[in-house]
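This report covers model confidence and charged side-chain pairs.

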Amino acid sequence: MSSFAHLISNITQDVYESLKLAVEIGKWPDGRKLTQEQKELSLQAVIAWELKNLPEEERTGYMGPQECSSKSEPIPNILFKSNSVH
């Protein structure tokens, strides 16, 4: 098992919430600013933890089902009207 996978398997709910908040605000709980590397690693850990512990709709970045808006409403064809003129 890689060290990253081992780390993720040992993250508690409290640690997850702390990491997520740190990524969101860019600071550790003590006020120190996260470095770019810390942001990247913390976000990777948050996403990996969510993948293992949360349903899809509760994960970071979830956008729900995506459908083109044009599929939801019929668009009238203004070029070729179907007037039955005999």
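## Confidence

Helices are DSSP runs of H or I with at least four residues, numbered from the N terminus. Over the chain the average pLDDT is 84, and 81% of the residues score at least 70.

The model is predicted: local features need pLDDT of at least 70, side-chain atom pairs count only at pLDDT 80 or more, and totals for chains, interfaces and linings use all residues. Residues are numbered from 1 along each chain as its sequence is written, and side-chain values use heavy atoms, with hydrogens and water left out.

## Salt bridge between helices

The structure contains 2 salt bridges, each defined as a side-chain nitrogen of Lys or Arg within 4 Å of a carboxyl oxygen of Asp or Glu. One of them joins Glu 50 and Lys 20, with an N to O distance of 3.9 Å. This pair connects distant parts of the chain, 30 residues apart: Glu 50 lies in helix 3 (residues 36-53) and Lys 20 in helix 2 (residues 13-25).

Glu 50 is buried, at 1% relative accessibility, whereas Lys 20 is partly exposed, at 26%. Buried means under 20% relative accessible area, exposed over 50%, and partly exposed in between (1.4 Å probe, protein chains only).

## Salt bridge between exposed residues

Asp 30 pairs with Arg 32 in a salt bridge, where the closest N and O atoms are 2.7 Å apart. Asp 30 is exposed, with a relative accessible area of 53%; Arg 32 is exposed at 51%.

Key
Helix = DSSP H or I, 4+ residues; strand = E, 2+ residues; numbered from the N terminus. pLDDT = per-residue confidence, 0-100.
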